[in-house]
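This report is meant for someone meeting the structure for the first time. Please look over the sequence and the 3D view before reading on.

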Amino acid sequence: CRLLTESSVKSHGLCRVARWNGQTAGDYPFSVAQLSLLVEEIFSASNKAASPLERLAALLHDAPEYVIGDMISPFKAVLGNDYKAFENRIQQAIHLRFGLPAELSETLKTAIKKADQVSAWLEATQLAGFSESDALDIFGPKPEKFQNIKLLPQDIFTIKNAFIAQFENLAHNNL
């Protein structure tokens, strides 16, 4: 299946891209693919009526990073609008390829961003060594609703298989 092959290639890259430049606790780096699964989980829990299409958008929110890698937000800001435009063009192409609108609604983008911020808070405090007060200053309030989520970076093969399974589940429910 061509869809599986493309999702496999993208997940292969995403599970090899380390968040926090690999500066996290654990035997394995916390990958962009693992983050993507986490963001989709948080998004779905926060948006119970979300369609498979919206959940797929959450899963693919950082998909351009299979091409360009994970770059911290302050560095993206320094690079400016050219970088953001390039990243956005890749995101639009991915969206179109997998049946999503090139541009998501502001409401959906905001909901996905909230889930991403929750995951960043959890990553910072559980994996990257931030204190809760530092995380509060940088990422906002402690996400009380999601404190039961415990992050454990996993090997690339486990994450790749989990990402592909979730991608297929959402993509097939969307067809």
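Predicted model: local features only at pLDDT ≥ 70, side-chain atom pairs only at ≥ 80, totals over all residues.

## The nonpolar core

The largest nonpolar core contains 39 residues. Ile42, Phe43, Leu60, Ile112, Phe163 and Phe167 have the most contacts inside this core. Two or more residues each come from helix 2, helix 3 (52-59), helix 6 (81-97), helix 7 and helix 9 (156-174). The largest share is that of helix 2, which gives eight residues.

Ile42 shows what such a position looks like in detail. With neighbours within four places in sequence set aside, Ile42 is in contact with Ala115, Val118, Ser119, Leu122, Phe146 and Ile149.

The model has six salt bridges. One of them joins the side chains of Arg19 and Glu123, with an N to O distance of 2.9 Å. These two residues are 104 residues apart, and the pair links distant parts of the chain. Arg19 sits in the loop between helix 1 (2-14) and helix 2 (32-46), while Glu123 belongs to helix 7 (residues 106-126). Are the two partners buried or exposed? Both Arg19 and Glu123 are buried.

A network of salt bridges links Glu103, Glu106 and Lys109. Within this group, the side chains of Glu103 and Lys109 meet at 3.3 Å, N to O. Glu103 counts as partly exposed because its relative accessibility is 39%. Lys109 is also classed as partly exposed, at 33% relative accessibility.

Another salt bridge is formed by Asp116 and Lys113, whose closest N and O atoms are 3.9 Å apart. The two residues are three places apart in helix 7, so about one helical turn separates them. Asp116 is buried, with a relative accessible area of 15%, whereas Lys113 is partly exposed, with a relative accessible area of 44%.

Ile72, Phe75, Val78 and Leu79 make a nonpolar surface patch of about 390 Å². Of this group, Leu79 lies in helix 5 (residues 73-79). Leu79 counts as partly exposed because its relative accessibility is 41%.

## His95 and its surroundings

His95 is placed in helix 6. At 3% relative accessibility, this histidine counts as buried. Which residues does His95 touch, apart from its neighbours within four places in sequence? His95 is in contact with Leu100, Pro101, Ala102 and Leu104. For Pro101, the backbone oxygen lies 3.2 Å from a polar atom of the His95 side chain.

## Asp137 in helix 8

Asp137 is part of helix 8 (residues 132-139). Asp137 counts as exposed because its relative accessibility is 65%.

How far from Glu41 is Asp137, taking the C-alpha atoms? The separation is 24 Å, and the two residues are 96 residues apart along the chain.

Definitions and conventions: Residues numbered from 1 in each chain as written. Heavy atoms only, no water. Salt bridge = Lys/Arg side-chain N within 4 Å of Asp/Glu carboxyl O. Helix = DSSP H or I, 4+ residues; strand = E, 2+ residues; numbered from the N terminus. Buried < 20%, exposed > 50% of the residue type's maximum accessible area, 1.4 Å probe, protein only. Patch = residues over 30% accessible without salt bridge, like charges linked within 9 Å, V, L, I, M, F, W, Y side chains within 5 Å. Areas by Shrake-Rupley, 256 points an atom, 1.4 Å probe, with all protein chains shown as cover. Core = buried A, V, L, I, M, F, W, Y, C linked by side-chain atoms within 4.5 Å. Contact = heavy atoms within 4.5 Å. Polar contact = N/O pair within 3.5 Å; in protein donor to acceptor, adjacent residues only side chain to side chain.
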